[in-house]
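I hope they are handy when you open the coordinates.

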Amino acid sequence: AETRTYDFDIGWVRRNPDGQQERSVVGINGQWPIPRIEANVGDVVVVNAKNSLGNRTDSIHFHGLYQNGTTHMDGAGSVSQCPIPSGSTFTYNFTVDQPGTYWYHSHVDGQYPDGLRGPLIVHDPENPFKDQYDEELVLTLSDWYHDEMPDLLSGFLSVTNPTGAEPVPNSALMNDTQNATISVQPGKTYFLRIINMAAFAPQYFWIEGHSFKIIEVDGIYTEATEADQLHISAAQRYGVLLTTKNTTNENFAIVGSMDTDLFDAIPDGLNPNEITEFEPFDDFYLVPQDKEELLPEPDMQIQLDVVMDNLNNGFNYAFFNNLTWTKPVVPTLYTVLSAPPSMLNEARIYGSNTNTFVLPHMSVVEMIVNNHDPGKHPFHLHGHAFQTIIRSDEEAGDYDPNNATDRDFPATPMRRDTVLMRPNGHLVLRFRADNPGVWIFHCHIEWHVSSGLIMTFVEAPEQLRANLSASHTVPQDHFDACNALSPP
Ligand code: C2O
């Protein structure tokens, strides 16, 4: 195993990725698109993150990595660390012990759509499909806005927007441009890793004249499954095997087309491609290659109703049950480290607006998520991939354990870290609390993160505290970040 060190100086650069408007974007070392983080399974990754933005805090979250034993390296602002103050350097240091297609992004204040998001690839010398492809390729998809997030957010979270209509992207990017070209050889097979780094829009994805085989979903190998079109929500990834045609005199379009169902209006100049000829592949039916069986009956059931509504003051916010998440003053992890030991299992010590659930170590947790909203929501859990055991059609209403369809669980459920919940439908997810840490579950639409669609798991707090204090694992620069933000 090796140590891969990345020195990231995070600062503003000017770019015009869609050819329509130049704007300030968050770059790294003067570059944008920002560099790819790459490692092999077993490597240590060190990221020295220097915040040179001048006017903003930041952080880096490594989306999809379980961070087993290193929850303090998860990068979730106000949850596992304080936001990094401008002018400071903060070091992330962790071992990567899972192969797959991931990404990294800022996890403070709706910041990543301003540019601080890029691929994180963990190569696998033992990839079970390694004899079936010649080369690896990475393709990113993203929506794109011409305005900066703080400006868009102040309009979104205001009384002038009582319906909570989300800002509609100005354009869509592929590999951070609108004229991406991928050169391939005829008759070869590529392991193509596709990442949607969007703030908001899912994309339909296909390649003219080609089908492909899905072999990975959010870092989990699947049984090879033929598909000709994918629907990829914000934060989801697919790894597919693509065999090129044996012809040298043709080009084939690679198409990413935004799913406009979520948009209140289609802006001028945005022409989504017609997608009626396909039926996108349904990820619910993917079978993990390890055939991990359905987890047993849960020790703990958590029901979350998703509601988008106005607060009494007329502002539109998002709620899990009756709570809209607001940042705790002390990051939740540091409360675990400092609370009286006898209180660790009491959710209320983690703040009244953090929507915290304490999970006993190794318990089987079942989450029932009911969508009381006509929108689609891509839900993501930090620290785990969950088994998706029910995903209803749209308009199915709440989960009903007495309904036969709702009890028809797959024997080897699809696992991933981000799953799309359909309009007014429901999800049932299971995972085992085998990763002591502080992990959030949230909608990965960045607008909904900002309007509070987040809840917190404090998983096995006693084990977590024992692990972290035994090796006095949390480094001083992490605490310094908090001190710099609120001088004593
Ligand atoms: Cu992509 Cu909370 O993360």
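1. Confidence first: the mean pLDDT of the protein chain is 95, and 97% of its residues reach 70 or more; pLDDT is the predictor's confidence in each residue, from 0 to 100. The model scores ipTM 0.99 and pTM 0.97. It is a predicted model, in which local features need pLDDT of at least 70 and side-chain atom pairs count only at pLDDT 80 or more, while totals for chains, interfaces and linings use all residues. Residue numbers start from 1 along each chain as its sequence is written.

2. On domains, the assignment gives domain 1 (3-126), domain 2 (135-285) and domain 3 (300-470), with bounds that come from an automatic or database domain assignment. Between domain 1 and domain 2, the C-alpha centres lie 21 Å apart. Contact here means C-beta atoms, placed from the backbone, within 7 Å; 23 residues of domain 1 are in contact with 24 residues of domain 2. On the domain 1 side, strand 2 (23-28), strand 7 (100-105) and strand 8 (117-123) each supply at least two residues, and strand 7 gives the most, with four. Strands (E, at least two residues) and helices (H or I, at least four) are DSSP runs numbered from the N terminus.

3. Now the core. The largest nonpolar core has 118 residues, and Ala49, Leu141, Ile194, Phe200 and Leu427 have the most contacts inside it. Strand 27 (residues 437-443) gives the most to this core, with five residues. Such a core is a set of buried Ala, Val, Leu, Ile, Met, Phe, Trp, Tyr and Cys residues joined through C-beta atoms within 7 Å. A residue is buried if 20 or more other C-beta atoms lie within 10 Å of its own, exposed if 12 or fewer, and partly exposed in between, with C-beta atoms placed from the backbone. Leaving aside neighbours within four places in sequence, Ala49 touches residues including Phe8, Ile10, Ile84 and Tyr92.

4. Val96 deserves a look too: its place is in the loop between strand 6 (89-95) and strand 7. Why does Val96 count as buried? Because Val96 has 24 C-beta neighbours inside 10 Å. Beyond four places in sequence, the contacts of Val96 are Ala39, Val41, Asp43, Val45, Leu65 and Val122.

5. Finally, in helix 4 (residues 461-470), Pro461, Leu464 and Leu468 are buried. Seen down the axis of helix 4, its buried residues fall within an arc of 60° (taken from the directions from the helix axis to the C-beta atoms), so they line one face of the helix.

Definitions and conventions: Two residues are in contact if their C-beta atoms, placed from the backbone, lie within 7 Å.
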